[in-house]
Amino acid sequence: MRLLVRNRVKDFASWKQVFDADADRAARAGLTLLDIWRDADDPNEVFFMLAVESKARAQAFMADPASAESGERSGVIDGDAHFLQDSESW
């Protein structure tokens with residue numbers, strides 16, 4: 001399973017610093033960063049793909065108040081997340 005996330009942020013460099021600092025906590029939740037992109041026309045629109053070991057653990061990570069705090073501290077304006085399954089899982 002994969003998790004595709006979009007964040008619109010105030011400042012990419014500030015967001016990235018907090019995102020990187022939170023990597024160990026994400027890894028403990030079974031999330032592995034696969035790739036990260038910035039919108040070609042808006043560098044503060046960020047997309048990233050994570051490998052997910054457990055949907056329940058990933059949802060708990062996202063619901064954790066520490067995640068909300070990280071988002072606030074990093075300058076996330078808004079965002080959305082989508083759990084995706086590859087065609088072999090259908």
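Modeller: Start with Arg 38, which lies over the face of Phe 12, at 3.8 Å from the ring centre. "Over" needs NZ of Lys or CZ of Arg within 6 Å of the ring centre and within 35 degrees of the ring normal. This is a predicted model: local features need pLDDT of at least 70, side-chain atom pairs count only at pLDDT 80 or more, and totals for chains, interfaces and linings use all residues. Residues are numbered from 1 along each chain as its sequence is written, and side-chain values use heavy atoms, with hydrogens and water left out.

Biologist: Is Phe 12 buried or exposed?

Modeller: Buried, with a relative accessible area of 15%. Buried means under 20%, exposed over 50%, partly exposed in between (1.4 Å probe, protein chains only).

Biologist: How are the rings of Phe 12 and Trp 15 arranged?

Modeller: Four aromatic pairs are counted. In this one the centres are 5.8 Å apart and the planes at 35°, so the pair is tilted. Rings of Phe, Tyr and Trp (its six-membered ring) pair with centres within 6.5 Å; planes under 30 degrees apart are stacked, over 60 edge-to-face, the rest tilted.

Biologist: And Phe 19 with Phe 48, what kind of pair?

Modeller: Edge-to-face, because the planes are at 65°, with centres 4.8 Å apart. Phe 19 is in helix 1 and Phe 48 in strand 3, 29 residues apart. Helices (H or I, at least four residues) and strands (E, at least two) are DSSP runs, numbered from the N terminus. Phe 12, Trp 15, Phe 19 and Phe 48 form one aromatic cluster.

Biologist: New topic. Where does Ser 67 sit?

Modeller: In helix 4, residues 65–74. Ser 67 is buried, at 16% relative accessibility.
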